[in-house]
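Dear colleague,

Please find below the structure that I am handing over to you.

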Amino acid sequence: MNDSILQNIAQQEGGPTYIYDSAKIKQQFERLQNAFHGIKNLRINYACKALSNISVLSFMKSLGSGLDTVSIQEVKLGIKAGFEPKEIIYTPNGVCLDEIERVAKMGAQINIDSLSILEQFGTKHPEVPVCIRINPHVMAGGNSNISVGHIDSKFGISIHQIPHVLRIVENTNMTINGVHMHTGSDILDIEVFLYAAEILFDAALQFKDLEFLDFGSGFKVPYYEGDIETNIEELGEKLTERFHRFCTTYGSDLELAFEPGKFLVSEAGYFLTKVNAVKQTTSTVFAQVDSGFNHLLRPMLYGSHHEIRNISNPGGKERFYTVVGYICETDTFGNNRKIAEITEEDILVFKNAGAYCFTMANNYNSRYRPSEVLWHNNNALVIRKRENFEDLIHNQVMVDFKEKIGS
Ligand SMILES: *Cc1c(COP(=O)(O)O)cnc(C)c1O
């Protein structure tokens with residue numbers, strides 16, 4: 001996306017706005033497909049918690065993607081966007097049995113990550129095949145170290161509890177049709193991923209009715225020039241070869257599934273803000289934009305890095321700025337950043353704003369959440385209108401204290 005397109009959209013929207021480039025999403029989707037072209041039954045289930053606008057979901061559907069969901073509401077969004085329930089996998093964590101049963105009734109693939117839920121679900125619905133989420137206890141521990149024993153994670157059924165899973169399956173007569181892992185951390189080292197995959201293959205051999213293996217996600221994307229990213233092509237080559245060997249041993253051509261979120265949408269997203277004030281202090285120059293952690297929480301929540309550019313003065317002399325928001329809390333987007341000289345009312349763009357950005361936005365300080373625009377075939381399609389005052393008070397109930405209450 002070039003600066004003049006972004007400038008035009010900033011003008012059109014007149015306030016903080018997220019923009020997603022559909023061509024980039026498509027490019028990433030195809031890159032993943034190509035990396036695994038050797039797999040006959042490849043399934044890519046977009047993890048929609050990264051960016052769940054229904055137009056983005058329907059675009060994913062048009063690419064041939066399935067959907068990975070973590071709540072019944074995400075399942076409903078997926079169906080609304082045109083997915084068949086059977087194209088949706090539901091991977092809840094810490095969710096009550098009742099919700100899981102309701103999603104099963106809707107026809108989505110259930111992925112269970114606790115022994116207690118597995119036993120309860122299997123007892124009541126032995127006819128519904130489920131996938132199990134395994135915790136292989138593997139975590140990348142610094143550079144190419146493999147540390148086994150990520151024992152404290154709340155996700156998945158421990159690999160050491162497979163005997164208990166097998167007992168539940170036998171006792172309830174339920175069917176396990178998939179085995180899943182998602183370690184959740186950025187894959188910096190393919191060997192670590194392949195090591196975890198070995199554990200999954202081992203576990204999978206214990207189940208006779210598998211239809212698929214799901215390797216989750218964790219594909220790392222670059223956040224700045226020269227940043228490391230997961231080498232998808234190398235992973236594709238190695239895992240494809242290994243998967244084929246597994247299928248031969250297992251005696252059936254299973255489906256191989258992934259659930260990328262960040263990989264598909266992170267780099268496609270741009271967040272546009274306007275500079276309200278440039279404020280010189282004794283130690284830095286603050287650029288204060290018309291946004292805050294109410295719109296983009298990740299930098300404050302877990303220190304994510306978003307490149308910031310001044311598209312109103314792209315060729316300007318670079319200076320150091322601390323970019324902050326307008327919220328009455330500390331809301332630093334970027335500390336000590338080299339940015340082309342900023343004047344008030346300039347437009348700053350934040351990169352990598354596709355994944356976990358809008359979906360974490362809120363109304364703190366009673367501000368409206370941003371609008372969302374999909375840049376598609378040279379058209380700026382508004383896919384979410386900016387909120388207004390009515391939206392803010394929509395579900396609030398005003399008590400009339402002039403009336404006598406509670407008598
Ligand atoms: C969040 C999530 C993903 C997506 O992770 P990314 O790092 O965004 O690719 C995949 N699978 C599950 C179960 C998740 O919870």
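I begin with Glu 372, which counts as buried at 1% relative accessibility. Here, buried means under 20% relative accessible area, exposed means over 50%, and partly exposed lies in between, with a 1.4 Å probe and protein chains only. The model is a predicted one, in which local features need pLDDT of at least 70 and side-chain atom pairs count only at pLDDT 80 or more, while totals for chains, interfaces and linings use all residues. Residues are numbered from 1 along each chain as its sequence is written, and side-chain values use heavy atoms, with hydrogens and water left out.

The side chain of Glu 372 meets that of Arg 384 in a salt bridge, at 2.6 Å from N to O. A salt bridge is a side-chain nitrogen of Lys or Arg within 4 Å of a carboxyl oxygen of Asp or Glu. This pair links distant parts of the chain: Glu 372 lies in strand S19 (residues 371–376) and Arg 384 in strand S20 (residues 379–384), 12 residues apart. Helices (H or I, at least four residues) and strands (E, at least two) are DSSP runs, numbered from the N terminus. Arg 384 is partly exposed, with a relative accessible area of 28%. Salt bridges that share partners also join Arg 31, Glu 229 and Glu 233 into one network.

How many salt bridges does a search of the whole structure find? The search finds 16. One of them joins the side chains of Arg 309 and Asp 3, at 2.9 Å from N to O. This pair links distant parts of the chain, with Arg 309 in strand S15 (residues 308–310) and Asp 3 in helix H1 (residues 3–13), 306 residues apart. Arg 309 counts as partly exposed, at 31% relative accessibility.

Glu 234 forms a salt bridge with Lys 238, and their closest N and O atoms are 2.9 Å apart. Glu 234 and Lys 238 are separated by about one helical turn because they are four residues apart in helix H9 (residues 232–250). Glu 234 is partly exposed, with a relative accessible area of 32%, and Lys 238 is also partly exposed, at 34%.

Is Val 130 buried or exposed? Val 130 is buried, with a relative accessible area of 0%. This residue is found in strand S6 (residues 130–135). Leaving aside residues up to four places away in sequence, Val 130 touches several residues, including Ile 110, Leu 118, Phe 121 and Met 174. Contact means heavy atoms within 4.5 Å. The C-alpha atoms of Val 130 and Leu 6 are separated by 45 Å, and the two residues are 124 apart along the chain.

Finally, I turn to the chain as a whole. The protein chain has 12 helices and 20 strands, and buried residues make up 52% of its 407 residues. Along its principal axes the C-alpha trace spans about 70 × 65 × 40 Å. Of the contacts in the chain with a separation of 6 or more, 67% are accounted for by residues 24 or more positions apart.

Yours sincerely
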